[in-house]
Amino acid sequence: MIKTICVFCGSNPGVNGAYVEAARALGNLLAQENIGLVFGGGMTGMMGAVADAVLAGGGKATGVIPDAMNVPRVVHEGVSELVVVDTMHTRKATMARLSDAFIALPG
């Protein structure tokens, strides 16, 4: 059974608004299905959109962010849990360890 899904995506919304809408739709679906989100911990772009949708739907969002990026206006301060790590490599390994499955979105 899948309890958590890691979503890899960008911190930029890109030029096609359909991508951000798809991220929101995915976040809504995760919340509806009671599947926790593991993501890069950022508040902007695709990353922020999927996390915001999960949280708005009452779901759990776990952000994993390197210490150097754990600053206001970068880190998503509304997450259910924030895991601060030392490097980008540790970030990816931690995201993998916390997740049962993976989805990659543009960005």
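1. Basis. The model is predicted, and local features need pLDDT of at least 70, side-chain atom pairs count only at pLDDT 80 or more, and totals for chains, interfaces and linings use all residues. Residues are numbered from 1 along each chain as its sequence is written, and side-chain values use heavy atoms, with hydrogens and water left out.

2. Length of α2. Helices (H or I, at least four residues) and strands (E, at least two) are DSSP runs, numbered from the N terminus. Helix α2 covers residues 45-56; at 1.5 Å a residue its 12 residues should span 16 Å, and the end C-alpha atoms are 16 Å apart, which agrees. The expected span is 1.5 Å times one less than the number of residues. After α2 comes G58, whose phi is positive, near 85°.

3. Burial of α2. Nine of the 12 residues of α2 are buried, so the helix is largely enclosed by the rest of the structure. Buried means under 20% relative accessible area, exposed over 50%, and partly exposed in between (1.4 Å probe, protein chains only). The buried set is G45, M46, M47, G48, A49, V50, A51, A53 and V54. These residues pack against α1 (17-32), β2 (36-39), β3 (61-66) and α3 (88-97), where contact means heavy atoms within 4.5 Å.

4. α1 against α2. The two helices pack at an angle of about 30°, with their axes 7 Å apart. That makes α1 roughly parallel to α2; angles under 35 degrees count as roughly parallel, over 145 as roughly antiparallel, 65 to 115 as roughly perpendicular and the rest as oblique. On the α1 side the contact is made by Y19, V20, A23, R24, L26, G27, N28, L30 and A31, and on the α2 side by M46, A49, V50, A53 and V54.

5. One joins E21 to R24, with the closest N and O atoms 2.5 Å apart. Both residues lie in helix α1, three residues apart, about one turn of the helix. E21 is partly exposed at 47% relative accessibility, and R24 is partly exposed at 37%.

6. Salt bridge between distant parts. E81 pairs with K60, the closest N and O atoms being 3.8 Å apart. This pair links distant parts of the chain, 21 residues apart: E81 is in strand β4 (residues 81-85) and K60 in the loop between α2 and β3. E81 is partly exposed, with a relative accessible area of 37%, and K60 is partly exposed at 45% relative accessibility.

Note on methods:
Salt bridge = Lys/Arg side-chain N within 4 Å of Asp/Glu carboxyl O. Axes fitted to C-alpha atoms, helices over the stretch in contact; angles between N-to-C directions.
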